[in-house]
Amino acid sequence: MNTRTITATPRSAAGLPLGALAAGLGFGCVALVPLLVDDPFLIHSLIMVLFFAYMASSWNFLCGYVGQLSLGHAMFSGVGGYVSVLMFTQLGLSPWIGMLFGGLLAAGLSVLIGYPTFRLKGPYFTLTTIAFAEIVRIWVENTNDFIGVPLKGAEGLVVPAAGDSLWAFQFSSKTPYFYIILAMLALVMLATRLMERSKLGYCLKAVRGDRDAAEALGINPTPSTLAALAISAFMTALGGSFYAQFFRYINPERNMGLELSIDMAVMTIIGGQGTVAGPLLGALILTPISEMARSHLGGGLPGLHLVVYGLVLMACVLYFPKGAIAPLGRLAKRLTDRRGSRP
Amino acid sequence: MTTTILDVQGISKRFGGVQAVKDLSFSVGKGEILGLLGPNGAGKTTAFNMIAGYLRPDTGKVLFEGKDIAGKRPWDVCKAGIARTFQLSKPFGDLNVIENLMVGGFCRTGDRARIRERAEWMADFLGMGRQREAEANNLTAFDRRKLELGRALCTEPRLLLMDEVVAGATPSEAGEMVELVRRIRDMGISVLIVEHVMKVIMSLSDRVVVLDYGELIADGEPQRVVAEPRVLKAYFGERYVQSRA
């Protein structure tokens, strides 16, 4: 589904937009998987695909539509993860509440950082986002205690077991985590779809196209980009909280390292940035490759998955500069045109 | 007597040691097409950018419908009722024609259905109805110019600033653009046009102002102004004027 072209939405016989129908059917089929398959490794792998699709979609919400490459988004994931874990361990609050607070803190932090950085363009913007994220990561990595709050530096924090409890966001089976991340992905994709059809979406796409031309059409780029950044940071932080709860462990390297930011960006670019389904497609392509590279070759060749990412990225840029979603979009358009031209 | 919609009062702009525009004053009447002329480097685009909010004047006022907009940012100038096109057209390449036009519509309302309806009408007005789903990247240079013009019109301006709209166009395309500009004026929109192609300026403008080295050297009807010695000297040099004398 290439959502860049929004004209004359094709509709099903029941009057529903075909895209929405296909998305609903797709999510419905995926939701049936745990009922049909009883393989924890497969469910775990699917959770990772959905998690990275969620994170890439959160990144895409801003960067895909504004056309700026942020490699600092993992910082927001870390903020979300640490806040939810600390609120649970220190205050006894449910991680669901901590997730919300983490999201809000990340959104606030993003506006503070975004205001000066969005004045920069291209590689200067990217380098600045890396710098901010690395400052925060290195600070957390080297801080054992911050005003009485134990961060435990590079060692990280372990979430104490609380039994099978929805309130504590802890489950003995992987299936509930599967449904939670599936619902989160559905919500972020819906939010992206609504955004791209809204005034905000048009403003962001105009800024991506040409900033001067956008300004001449009455668009003040700063509030639009900052609003999208805050939403994107909020959603990324929720993903970071999920990750911490899923593994019941958080440390700066895993939750806020540069590698996570690169994962989000590369998956979106390969799938198709500035589209609703592109990040999901990118995660579907890259996560299994990455998991296989890690599990089969990672011991002997650490970081090999990044080499694989690089190769896939080069192939994609050469053959599908608009992402792997573009040929699928053309195919879907051809099918709907053929269907429409039938008597 | 026409009412003034834009009154430029003594604006100046200096870039380091270069005085790009010096104490420039002129006005645009309601429903008027005013041509802004001058040789390369005369300060036309600098003046244009000061009116459109891309440059802040060092001195002077820019009164639009009586309100000073000098120093306001481009989006505020647009919201006030002034739209512009660029010397090098800047379409949003990966959006299609209708989406490009819709971006302009959000300046006035958030009603997506109304914006889309207006964008469809504008595509037809520009003669681009059959290309409405074409990506801007796939359009010809002239169609991109028309698209940019339509996008500016979708902001519902009362004054349109046009920067060299027929640059690089074939004679038939230039004729089509002249016709479009006339129809825009007939819609009640005043036009300030910067142009090098004399044939276009002469056939379009109700009045022209001429700049040279950042200063106003002539203001009046096109036929009279282009025969003025100061204008001829600015364009062709002293020897040309002497040889005609």
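The largest nonpolar core holds 162 residues, of which A:Leu50 and A:Ile181 touch the most other members. Such a core is a set of buried Ala, Val, Leu, Ile, Met, Phe, Trp, Tyr and Cys residues joined through C-beta atoms within 7 Å, where buried requires 20 or more other C-beta atoms within 10 Å, exposed 12 or fewer, and partly exposed a count in between, with C-beta atoms placed from the backbone. Helix 2 (residues 40-66) of chain A supplies the largest share of this core, 16 residues. This is a predicted model, in which local features need pLDDT of at least 70 and side-chain atom pairs pLDDT 80 or more, while totals for chains, interfaces and linings use all residues. Residues are numbered from 1 along each chain as its sequence is written, and chains are lettered from A and ligands numbered from 1 in the order in which they are written.

In chain B, six strands form an open sheet of mixed pairing, in the order 6-7-8-3-9-10; strands (E, at least two residues) and helices (H or I, at least four) are DSSP runs numbered from the N terminus, and two strands pair if DSSP finds at least two bridges between them. Strand 6 (82-84) and strand 10 (215-220) of chain B are the edge strands. Strand 3 (residues 33-37) and strand 8 (residues 190-194) of chain B pair in the parallel sense over four bridges, and B:Gly35 has B:Ile193 as its bridge partner in strand 8 of chain B.

Two helices lie across strands of chain B. Angles run from 0 to 180 degrees between N-to-C directions of axes fitted to C-alpha atoms, for helices over the stretch in contact; contact means C-beta atoms, placed from the backbone, within 7 Å.

| Helix (chain B) | Reference strand (chain B) | Angle |
|---|---|---|
| Helix 1 (residues 44-52) | Strand 7 (159-163) | about 150° |
| Helix 9 (residues 229-236) | Strand 10 | about 130° |
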